[in-house]
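Biologist: Take me through this one by its terms. For each label, I want the rule and the value.

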Amino acid sequence: MSGVFLYALLGVGLFVLGLYALIIHAHLLRKILAINVMGTGVFLVLVALAAGNPDAPPDPVPHAMVITGIVVAVSATALALILMLKVSVATGKNHLSDSTRD
Amino acid sequence: MTDNRKTGKALRLLLVSLLCAIAAWLGYAVLGLSLSHVGLGQLVGANLEASGVSHPVTAVLLNFRGYDTLLEMGVLLVALLGVWSLGGMPDYDESSPGPVLDILSRLLIPMLMLVAGYLLWVGAHAPGGAFQAGSVLGAAGVLMMLAGWRLDSRFAGLLLRVVMVSGLGVFVMVSTAMLLIGNGFLEFSPPMAGELILLIEAVATMSIGATLAALFLGSRPAVGPDK
Amino acid sequence: MLHWAFDSLLGLSLLWLAWRALTSPDLFKAIVLFISFGLLMSLAWVRLGAPDVALAEAAIGAGLTGALLLAALARLESIGEAGRQKGSIGETGAHDR
């Protein structure tokens, strides 16, 4: 069943795409989006490999881990968004500045 | 200026080629994994009887790997504490929601609550469970807040905090009770396991729903003078 | 054959949506594209035999994360407006002095 590898490679692609966006964008909201896409890529690899054996039903342990991961990701996103808003209020910028002086 | 742009272009080219290398390496690693491994699926299947539920994912979440779920409830609580202690985000503008949202939310919220209850109950033997039900409840809470509803200040004090902590609290208490009976921590034994899991899941659903809705609001609801 | 076509189409649209969501110059558009990316992801979970994950993704990944992001964007814009107004007032104040 090579559909599994298709999804696993798609997960790798999403991870690398997210990493690229995380590096090149300075805007914090875009960085948060990029981290979410990266996480989704990791989940996709996990679940794809869990469905690897075509004779057996999918492995439930990675599924449980991914459900846990999705909930953790949304709480981390909420915290990150509030931190971003606080940075914006404090400095008036939507990105982190390179030096601490300005 | 052109020099700057040139170095920027060169850097971006370097970055893209590095990322391509990472992608190729990761892809090679993923393709090299053997798919014929047994995994834990058979082990879960063999012990499903002892878990108290008949759906393998729920069995893994609440019984076999209860630590994950316990710590996840902890993460949710810590995220909420972080948001609250950063505090002081301005509330959304008090604009009237408009008739469509108003009527739609009146229709949808009872339906969402029903779906959450169904997902919670069905989680024992089919896809569903506390997290899905909790997130549907959280979505109902978000919809209510968008329609202009705010938590009454009478409930925003102790009661709200108790609901937030209850998911983690009940989980820890039940697990500790197992320790006192003579089982291990987080080790639910067959005669009562199904009921205990349902109890934990029900409280966790409420707690997850309330926590997610509170994360959306972004600041701690004001506590009234008469608490 | 049909499965292959469906899987490839789903994979391509997921990659394209992620790319557009991460590079779109308009932030609002980027967030909406991210929400639709989450919805299509839940279809991918179903294809992989993980309906539990699909349910969680549809409720959280598409619904709640989207609401959180849009709310944060609205607040960010209002903070920007307030900052600009305060900045201009500060400048005129400096002129007066």
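Modeller: Chain B exposes about 12600 Å², and carbon and sulfur atoms supply 71% of it. Accessible areas here come from the Shrake-Rupley method with a 1.4 Å probe, and for residues only the protein chains shown count as cover. Chain A has an accessible surface of about 4000 Å², with 67% on carbon and sulfur atoms.

Biologist: What should I know about the model before reading on?

Modeller: This is a predicted model: local features need pLDDT of at least 70, side-chain atom pairs count only at pLDDT 80 or more, and totals for chains, interfaces and linings use all residues. Residues are numbered from 1 along each chain as its sequence is written, chains are lettered from A and ligands numbered from 1 in the order in which they are written, and side-chain values use heavy atoms, with hydrogens and water left out.

Biologist: Why is T65(C) called buried?

Modeller: Buried means under 20% relative accessible area, exposed means over 50%, and partly exposed lies in between (1.4 Å probe, protein chains only). T65(C) has a relative accessible area of 4%, so it counts as buried. The residue sits in helix α3 of chain C. By the same rule, 57% of the 102 residues in chain A are buried. For the 227 residues of chain B, the figure is 40%.

Biologist: What makes N36(A) a contact of T65(C)?

Modeller: Contact means heavy atoms within 4.5 Å. Leaving aside neighbours within four places in sequence, T65(C) touches N36(A), V74(A), T77(A), F34(C) and I60(C).

Biologist: Which class does S36(C) fall in, buried, partly exposed or exposed?

Modeller: Its relative accessibility is 26%, so S36(C) is partly exposed. The residue lies in helix α2 of chain C. Its C-alpha atom is 7.7 Å from that of L17(C), 19 residues apart along the chain.

Biologist: How do you know how much area chain C and chain A bury?

Modeller: Buried area is the accessible area (1.4 Å probe) that two parts lose on being put together, summed over both. Chain C and chain A bury about 3400 Å², with 84% on carbon and sulfur atoms. L22(C), L48(C) and L76(C) supply 21% of the area that chain C buries here, more than any other three residues. The contact takes 40 residues from chain C and 41 from chain A.

Biologist: How many polar contacts cross from chain C to chain A?

Modeller: A polar contact is a pair of N or O atoms within 3.5 Å; within protein, one must be able to donate a hydrogen and the other to accept it, and residues adjacent in sequence count only if both atoms are side-chain atoms. The rule finds 4 residue pairs across chain C and chain A, both residues at pLDDT 80 or more. α1 (2–23), α2 (27–47) and α3 (51–96) of chain C each give two or more residues to this side. α3(C) gives the largest share, 13 residues.

Biologist: What does chain B bury against chain C?

Modeller: About 1200 Å², with carbon and sulfur atoms giving 71%. Here 20 residues of chain B meet 12 of chain C.

Biologist: Why is the D7(C) and R47(C) pair called a salt bridge?

Modeller: The rule asks for a side-chain nitrogen of Lys or Arg within 4 Å of a carboxyl oxygen of Asp or Glu. For D7(C) and R47(C) the closest N and O atoms are 2.8 Å apart, so the pair qualifies. D7(C) is in helix α1 of chain C and R47(C) in helix α2, so the pair ties together parts 40 residues apart in sequence. D7(C) is buried at 6%, whereas R47(C) is partly exposed at 29%.

Biologist: How many salt bridges are there over all chains?

Modeller: The search finds 3. One joins D102(B) and R106(B) at 3.5 Å, N to O. These two are 4 residues apart in helix α5 (residues 99–122) of chain B, so about one helical turn separates them. R106(B) is exposed at 59%, and D102(B) is partly exposed at 25%. Another joins D68(B) and R65(B), 2.9 Å apart at their closest N and O atoms. Between chain C and chain A the count is 0, and between chain B and chain C the count is also 0.
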